[in-house]
Amino acid sequence: MEAEIKSINDIQEEIIQEFEVYDDWMDKYNYIIELSRSLPVIDPKLKINCNLISGCQSKVWLNAVYTDGVIKYSADSDAIITKGIIALLIRVLSGRKPDEILNADLYFIDKIGLRQNLSPTRSNGLLAMIKQMKLYALAFKTKYEKTL
Amino acid sequence: MDINKIRADFPILKEEVYGKPLVYFDNGATTQKPLQVIDCINHFHRHKNSSIHRGVHFLSDQATEEYEKAREAVRSFINASYAHEVIFTSGTTGSINGVAFSFGEKYVHENDEIVISEMEHHANIVPWQMLCERKNARLKIIPFDDKGLLNIEQFEKLLNEKTRIIAITHASNTLATINPVKEIIKIAHRHNIPVLVDGAQSVPHLPVDVQDMDCDFFVFSGHKIYGPTGIGVLYGKEKWLNEIPPFQGGGDMVEKVTFEKTTYNQLPYRFEAGTTNYIGAICLIKALEYVQSIGLLEIQEHEHNLLSYATKRLDDLGYITIYGRAPQKTSLISFNINDIHHYDAGMVLDKMGIAMRTGTHCAQPVMQHYGIDGNIRASFGLYNTTEEIDLLIEGIKKVKTMFG
């Protein structure tokens with residue numbers, strides 16, 4: 001249960017520490033490739049166009065469900081590096097309350113040197129994915145929490 | 001060709017990225033600049049800057065004179081008949097948009113047809129599509145086969161009394177195919193149809209003679225031929241440039257302005273509204289001189305060797321798909337590492353210091369032809385070496401072990 005009480009920033013710090021041991025880019029990417037395998041893969045039935053966040057270079061499918069006050073994400077991508085970064089995002093944001101997700105400052109991406117993956121010119125769907133994750137949070141908050 | 005001497009002229013080639021020596025294989029997107037061009041831009045700003053065609057003062061006169069020298073240098077470079085057939089624009093995109101607008105205003109009407117090819121860069125698709133939407137005209141497409149060769153028979157069948165203009169690339173930015181533009185133009189002219197040739201990807205790699213080609217319009221960009229960015233050329237036959245209306249209004253392009261009516265200046269000024277990128281034009285001379293001092297035939301031979309070497313080495317790997325196998329190619333290769341996403345490959349190769357473009361290269365219909373989302377493009381310039389290609393091959397092997 002310990003993982004349940006870790007805050008978003010606790011997890012971000014954890015990830016930053018994990019990446020600190022890699023001073024070589026190739027090792028870093030190998031670790032991201034490894035992480036890509038841990039991704040809660042989206043149900044193939046949900047890999048449909050309305051769940052597709054289309055970037056110019058790689059595709060991202062994202063789904064979200066709201067249960068017991070928290071949002072659970074699942075996702076997939078056709079590019080492995082993108083998939084690995086998504087796995088990190090899900091680790092940080094999945095299972096959180098909508099407000100936590102909405103207020104999250106995802107500084108770990110910059111700290112582990114993957115900022116360039118978020119630049120709009122990369123068009124790899126990651127930036128759009130974060131936006132979409134937050135949009136889900138806003139939608140669920142509006143739908144389920146307004147009347148509470 | 002002394003490659004070491006050439007490389008010494010391009011200071012950026014000494015840069016390191018991620019602690020690795022830069023291997024610059026993105027020449028199809030833009031080329032690096034030799035010292036001659038860099039110094040020209042610096043020197044002009046320090047000692048000679050002044051707006052052209054306006055003042056009577058010393059600096060303005062001098063700048064005007066150099067600007068017109070640039071026009072003459074371009075004329076000579078592409079062997080146009082007259083200097084006033086050379087219009088300076090912002091680049092290839094600017095040139096094509098200008099012609100599509102201006103020619104379209106006068107000659108394209110409802111149900112008319114415009115012919116382009118399946119291998120065009122978006123810059124030679126979208127302006128014509130916009131024209132078709134404005135005029136309710138139709139776009140007709142010349143297909144290419146899997147090798148990357150245009151179907152010339154099909155092309156001729158597309159032509160009819162409704163065809164107003166043909167816009168075709170000289171060399172494909174994705175497949176590298178050098179198209180038989182002379183033959184295409186000959187066929188088009190038999191039907192009295194003018195042809196615009198997109199030379200963005202040909203001018204840096206092979207000698208161009210617009211009179212011999214007999215094209216009606218020819219366009220290219222300065223930054224792809226080792227010159228400054230933001231400067232481009234629109235060549236048009238005198239008779240066409242006198243026929244079509246100006247595409248932009250403003251200063252310098254007018255003869256007389258009253259609120260009732262404005263009359264336009266003569267060629268080439270009627271197409272150069274406002275303050276042009278005169279420093280870009282003037283320093284483009286240095287780039288053209290640089291290319292000429294080496295010789296386009298020598299450059300072509302060197303680049304052909306790079307292309308052959310890279311093609312062979314990639315084929316030898318046994319897990320590479322190359323897109324575009326035309327017998328006549330410029331020095332670029334589009335490829336995928338089988339079963340590995342081009343984005344993953346590009347990200348890792350980038351960290352090895354190899355600069356390439358991944359994605360659709362602004363030619364999405366080409367990707368659609370092959371049913372792919374994108375690929376990797378290695379495009380070589382006059383300063384590249386086979387040793388650099390070896391580094392690419394080593395990089396690809398590494399990618400294969402990581403993702404394969």
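This report walks through a predicted model, starting with confidence and the interface of chains A and B and ending with some local details.

In this predicted model, local features need pLDDT of at least 70, side-chain atom pairs count only at pLDDT 80 or more, and totals for chains, interfaces and linings use all residues. Residues are numbered from 1 along each chain as its sequence is written, chains are lettered from A and ligands numbered from 1 in the order in which they are written, and side-chain values use heavy atoms, with hydrogens and water left out.

**Confidence in chain A**

The predictor's confidence in each residue is called pLDDT and runs from 0 to 100. Chain A averages 85, and 86% of its residues score at least 70. Helices (H or I, at least four residues) and strands (E, at least two) are DSSP runs, numbered from the N terminus. Here is where chain A's confidence is lowest and highest:

| Helix of chain A | Residues | Mean pLDDT |
|---|---|---|
| α1 (lowest) | 2–5 | 56 |
| α2 (highest) | 8–20 | 95 |

**Where A meets B**

Counting contact as heavy atoms within 4.5 Å, 18 residues of chain A touch 17 residues of chain B. The size of an interface is often given as the accessible area lost when the parts come together. Here the buried area (the accessible area, with a 1.4 Å probe, that two parts lose on being put together, summed over both) is about 1600 Å², and carbon and sulfur atoms give 60% of that. Three residues stand out: A:M26, A:Q57 and A:I81 supply 36% of what chain A buries against chain B, more than any other three residues.

How many salt bridges cross this interface? The rule (a side-chain nitrogen of Lys or Arg within 4 Å of a carboxyl oxygen of Asp or Glu) finds one. A:K59 and B:D373 form a salt bridge, with their closest N and O atoms 3.4 Å apart.

On chain A's side, α3 (25–36) and α4 (80–93) each supply at least two residues. The biggest giver is α3(A), with five residues.

**Rings, and a serine in a loop**

Over all chains, the whole structure holds 25 aromatic pairs. Rings of Phe, Tyr and Trp (its six-membered ring) pair if their centres lie within 6.5 Å; planes under 30 degrees apart count as stacked, over 60 as edge-to-face and the rest as tilted. B:F10 and B:Y290 have ring centres 5.5 Å apart and planes at 85°, so this pair is edge-to-face. B:F10 sits in the loop between α1 (3–8) and β1 (16–17) of chain B, while B:Y290 is in helix α10 (residues 278–294), so the pair ties together parts 280 residues apart in sequence.

Back in chain A, A:S94 lies in the loop between α4 and α5 (98–103). Leaving aside residues up to four places away in sequence, A:S94 touches A:I71, A:K72, A:Y73 and A:L89.

Most residues other than glycine have a negative phi, and most peptide bonds are trans. The bond from B:L267 to B:P268 is cis, with omega near -5°, and B:P268 lies in the loop between β12 (262–264) and α10. B:N79, in the loop between α3 (58–78) and β4 (86–89) of chain B, has a positive phi near 55°.
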